[in-house]
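Here are my notes for you, written as numbered points. Keep the picture open while you read and look for each residue as it comes up.

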Amino acid sequence: MSNICSMTQQKVQQFLERLNYLSLLGLVATFPFGIQINNFFSILFTITCLFQFRFSVRNNSILYCLGALYILHVLGVFYSENKAQALFELEKKINLLIFPLIFSNISNIDAKKYRTVLLVFVITCCITLLILFSYASYQ
């Protein structure tokens with residue numbers, strides 16, 4: 001019985017690791033695109049990291065400082081006259097929390113996957129650049 005339970009637990013762990021890696025790839029690939037698409041992968045990546053308890057937030061002063069800065073932005077929403085614009089700016093600033101989580105999770109990725117993540121980012125940026133140049137030359 002415990003053997004079946006450990007096999008199931010290993011499969012769940014492997015699924016979470018794969019989902020974490022794919023959500024990281026999706027997050028990196030959608031940086032140049034709209035916030036809505038990127039936020040989906042940001043949330044998915046954060047959830048998979050939470051299920052794996054991979055955050056190294058202990059003694060991470062940068063994460064605490066960026067978290068405090070985000071809280072200041074949240075408080076600024078209450079003082080804003082234009083709530084829609086303030087919430088949009090707050091949505092853009094969520095990366096202040098996501099980036100440190102990504103970088104704390106990078107240490108858990110082997111060199112091959114790390115290169116793949118960087119390659120996906122570079123390819124996505126090049127494709128976006130080609131699209132923008134073609135659009136600009138068309139106009």
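**Notes on the helices and their contacts**

1. Let's start with a meeting of two helices. From α3, the residues Tyr70, His73, Val74, Val77, Phe78 and Tyr79 are in contact with Lys83, Ala86, Leu87 and Leu90 of α4. Sort the residues of this contact by kind and you get eight nonpolar, one polar and one charged.

2. Before going on, remember that this is a predicted model. Which way do the two helices run relative to each other, roughly parallel or roughly antiparallel? Helix α3 covers residues 61-79 and helix α4 covers residues 83-92; their axes come within 9 Å and cross at roughly 170°. Angles over 145 degrees count as roughly antiparallel, so α3 and α4 are roughly antiparallel.

3. Now zoom out. The chain has six helices and zero strands, so reading from the N terminus the order is simply α-α-α-α-α-α. Of its 139 residues, 27% count as buried. The accessible surface comes to about 9,900 Å², and carbon and sulfur atoms make up 70% of that.

4. How much of the contact in this chain links residues 24 or more positions apart? Take the contacts with a separation of 6 or more: 69% of them are between residues 24 or more positions apart. The next points give some examples of who touches whom.

5. Have a look at Leu27 in helix α1, which spans residues 2-29. Is Leu27 buried or exposed? Its relative accessibility is 0%, and buried means under 20%, so Leu27 counts as buried. Leu27 and Asn39 are 12 residues apart along the chain, and their C-alpha atoms are separated by 8.1 Å.

6. Asn39 itself belongs to helix α2, residues 35-52. With a relative accessible area of 14%, Asn39 is buried. Setting aside residues up to four places away in sequence, Asn39 touches Glu91 and Ile94.

7. Next, find Ile98 in helix α5, residues 95-106. Ile98 is buried, at a relative accessible area of 7%. What does Ile98 contact, leaving aside its neighbours within four places in sequence? The partners are Leu27, Ser42 and Thr46, so you meet the buried Leu27 of point 5 again here.

8. Last, the aromatic rings. A pair of rings is described by how far apart the centres are and by the angle of the planes. The structure holds two aromatic pairs. In one of them, the ring centres of Phe31 and Phe121 are 6.1 Å apart and the planes stand at 80°, so this pair is edge-to-face. Phe31 sits in the loop between α1 and α2, while Phe121 is in helix α6 (residues 111-138), so the pair ties together parts that are 90 residues apart in sequence. Phe31 is partly exposed, with a relative accessible area of 26%, and Phe121 counts as partly exposed at 32% relative accessibility.

9. The other pair is Phe40 with Phe41. Their ring centres are 5.2 Å apart and their planes are at 75°, which makes this pair edge-to-face. Planes over 60 degrees apart count as edge-to-face, so an angle of 75° puts Phe40 and Phe41 in that class.

Note on methods:
Residues are numbered from 1 along each chain as its sequence is written. This is a predicted model: local features need pLDDT of at least 70, side-chain atom pairs count only at pLDDT 80 or more; totals for chains, interfaces and linings use all residues. Side-chain values use heavy atoms; hydrogens and water are left out. Axes are lines fitted to C-alpha atoms, for helices over the stretch in contact, and angles run from 0 to 180 degrees between N-to-C directions. Helices (H or I, at least four residues) and strands (E, at least two) are DSSP runs, numbered from the N terminus. Angles under 35 degrees count as roughly parallel, over 145 as roughly antiparallel, 65 to 115 as roughly perpendicular and the rest as oblique. Contact means heavy atoms within 4.5 Å. Ala, Val, Leu, Ile, Met, Phe, Trp, Tyr, Cys and Pro count as nonpolar, Asp, Glu, Lys and Arg as charged, and the others, Gly among them, as polar. Buried means under 20% relative accessible area, exposed over 50%, partly exposed in between (1.4 Å probe, protein chains only). Accessible areas come from the Shrake-Rupley method with a 1.4 Å probe; for residues, only the protein chains shown count as cover. Rings of Phe, Tyr and Trp (its six-membered ring) pair if their centres lie within 6.5 Å; planes under 30 degrees apart count as stacked, over 60 as edge-to-face and the rest as tilted.
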